[in-house]
Amino acid sequence: MDNIYLLIVIALAVLAVADLVVGVSNDAVNFLNSAIGSKAISFKTIMIVASLGIICGTVFSSGLMEVARKGIFNPGEFYFDEIMFIFMAVMITDILLLDFFNTLGMPTSTTVSIVFNLLGAAVAMALIKIAANNGSITEVVNYINNEKAIQIISGILMSVVVAFTIGALVQYISRLLLSYDYHKKATWVGALFGGIALSAITYFILLKGIKGTPYADQSFNIIGGLTIKDFLEQQWISVVSANFVLWSIISYLLMNFAKTNIYKLIIGVGTFALALAFAGNDLVNFIGVPIAAWQSYMEWESSGIPATEFSMEILSAKVPTPTLLLFLSGIVMVATLWLSKKARYVAETEINLSREGEAKERFQPNYLSRSIVRFSVGLSEVTTNLLPKSWQAKIEDRFKKPVIPLTKNKVHELPAFDMVRAAVNLMVAGILISIATSYKLPLSTTYVTFMVAMGTSLADRAWGAESAVYRVAGVLNVIGGWFGTAIIAFVASGAILAIISFGKGAAIAVLLFAAILLLARNYISHKKKSKEIKAEYTLNKAESSSIQGVIEESAHNISNVLKRSNKIYSNSINGLAVQDLDLLKKNKKHGAKLSTEIDALRDNIFFFIKNLDENSIGASNFYINVLGHLTDIAQSLEYIGKVSHKHVNNNHKKLKYNQIKELKQIDSKIDEVLCLTQTAFDNRSFEEIGNVLLKKQELFDFISEKIQTQVERTRTEESSPKNTTLYFSLLLETKDLMTATMDLLELYYSEHDSSVKPAKIVESTK
């Protein structure tokens, strides 16, 4: 039986590595987004700076491991075997929960996850002990550090409100002072902003970096006999003021003589600072439990006392963590940062929510988001009208965005936001986390950085009338996920603890195996989803400024749509033939997905028209008509997929043999037409489209014949109204599908023919 605890320690060590990987994948969003979104510095430089910050933060985090040992529960109330079961339940739940959020691409708090995992497992174990001793449920308060749990919950609410409000306020003031033409301001203005931002970030680095080192509690005569930590916390005004003067001078000199972009420097230093804070603060969330388990095992093994009688009061003492373990953890975190695709997927969520202008909106608006936007618009109108007209004009001028020629800078290549907003994000997040650290307030780095970014986005008018409801819905979804994290962690870890407590070693083995299967399943699911996301962009936005260029670019999209249309239509018929509900369900999603992608192309029409040459305005009519026909094709396919799935899903009668046979014949003819057309577009042999158009009447006559056949069949032998409705729906929608397809081909054929004729005439005159 004693060997089980050694195996638990080994298993926890492996789980620690896995937890580091999934944790970094989620928390990388905290310190990467401002730099990535602003494109102030290259991605490679961002990663190097962040990696250095992580290594420094992990080495300095030794003193922060106490939360896993005694921060949530009272260790003296538990025996060694109970503590080991608690730790195992916590790590299994934590890994699965964080990986789940990573797969969804949703940033959540690793701090809240580990805290509520510990709380849930400890409460479950306490209830088991109380039940075994026939005690009262009220005795659970003796086992739990209730004060800490309340602090964490209040910290969640405070983080959301304070970070959002302060972020919005500072960004608004910064934009009023600097405007969007900040690079044209006098040198002293940039130097002053650099002094404020860099002094705040430097203080943040000093406070967070030194706190975890052995020197933090040492006193020095040069600072009045205070410890370094106390001096930084008590004399913060002097420290920040000295930093401000120093950095203002340095900023001025760098801008004047070295021609340095001070905003890039702020973003680089801020990224390092937040990476350091993340590693220093959140490392405990990943390895605190396994290290506490290892130290507990060492103490128990040397004691000679049975596991069921060895009190864990030893965890109440402060035990330093070996620096080598911290350094190795840092290496794993850095490797994950460079290699994890999920980290970038999570980062995209926040960047798109704070992006300036249009973006691919991931979240759908809901009643609450619409209500909040309506209320905000009304409040804004009221407050704006209170200001004098001259003030309103000046404010509008400060928020006037510079016009960027689309022919030189494609809209989708622009930064998500400018360097002023990125600098404010990093500066405000650093200040708030520094204040919380100084006053020993529980504050999640995820909550602070995310809500600051959302506050600055709102103040910077990034959420316009066309995007506000989507962005607000996204923020509400993320915040809901945070509270969901706490609830799920508490319940799931408690349930897993109960299973382990009763099943012992066998239960642990089964749970570990199940965890591995779930992680593997999530990995495969995410990989598949990544391919689908990549496939979404196979429909390219038109960027050419001439009609000939648009014809060439659109050929890829048309080929892609026809290929997918052929597959979607065939799958609908095949699914109906064999009553394959899974195939029809997937096919229905593919149809909806194609429709969504074409809608995204239509959303880009504004930028496409802006980008056209004066002599090529006719290209806009062609492109708009092409998109109109593609939309009709997608809508027909979406409808066919929907009614086919609905029919089988509702367990209606199967189509008759003759009906299936006729649909197969139609599918075969459509397949022939679409394959020929796709080949013509793939090879850019546009003259071949004329041969396809010759088959138009034959195909329409064949479909019309089948419609007439079904009319006669309905009058004589058909007995199922649902079958009749479905069959007519399929035939009529198929006719609409082919009408849209042929109209598209005729448009393309005529436009291509007219666009190449002048070239042929010129060539013949030579």
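Biologist: Is arginine 461 buried, partly exposed or exposed?

Modeller: Arginine 461 is partly exposed, as its relative accessible area is 32%. Buried means under 20% relative accessible area, exposed over 50%, and partly exposed in between (1.4 Å probe, protein chains only). Do keep in mind that this is a predicted model: local features need pLDDT of at least 70, side-chain atom pairs count only at pLDDT 80 or more, and totals for chains, interfaces and linings use all residues. Residues are numbered from 1 along each chain as its sequence is written, and side-chain values use heavy atoms, with hydrogens and water left out.

Biologist: Thanks! Which side chain does arginine 461 meet in a salt bridge?

Modeller: That would be glutamate 396, at 3.1 Å from N to O. A salt bridge here is a side-chain nitrogen of Lys or Arg within 4 Å of a carboxyl oxygen of Asp or Glu. The pair links distant parts of the chain, 65 residues apart: arginine 461 sits in the loop between α16 (445–459) and α17 (468–536), and glutamate 396 in helix α14 (residues 389–398). Helices are DSSP runs (H or I, at least four residues), numbered from the N terminus.

Biologist: And how exposed is glutamate 396?

Modeller: Glutamate 396 counts as partly exposed, at 44% relative accessibility.

Biologist: How many salt bridges does the structure hold?

Modeller: There are 10 salt bridges. One of them joins glutamate 82 to lysine 129, with the closest N and O atoms 3.1 Å apart. Glutamate 82 is in helix α4 (residues 80–104) and lysine 129 in helix α5 (residues 110–132), so this pair ties together parts that are 47 residues apart in sequence.

Biologist: Are those two buried or exposed?

Modeller: Both glutamate 82 and lysine 129 are buried.

Biologist: What does glutamate 597 pair with?

Modeller: Glutamate 597 forms a salt bridge with arginine 564, the closest N and O atoms being 2.7 Å apart. Glutamate 597 lies in helix α19 and arginine 564 in helix α18 (residues 547–578), so the pair ties together parts 33 residues apart in sequence. Glutamate 597 counts as buried, at 5% relative accessibility.

Biologist: Which residues are joined into one network by shared partners?

Modeller: Arg175, Asp418, Arg421 and Asp460 are joined that way, through salt bridges.

Biologist: New topic: where is serine 329, and what does it touch?

Modeller: Serine 329 is in helix α11 (residues 323–339). Leaving aside residues up to four places away in sequence, serine 329 touches Leu20, Leu283 and Ile287; contact means heavy atoms within 4.5 Å. At 7% relative accessibility, serine 329 counts as buried.

How values were computed:
Helices (H or I, at least four residues) and strands (E, at least two) are DSSP runs, numbered from the N terminus.
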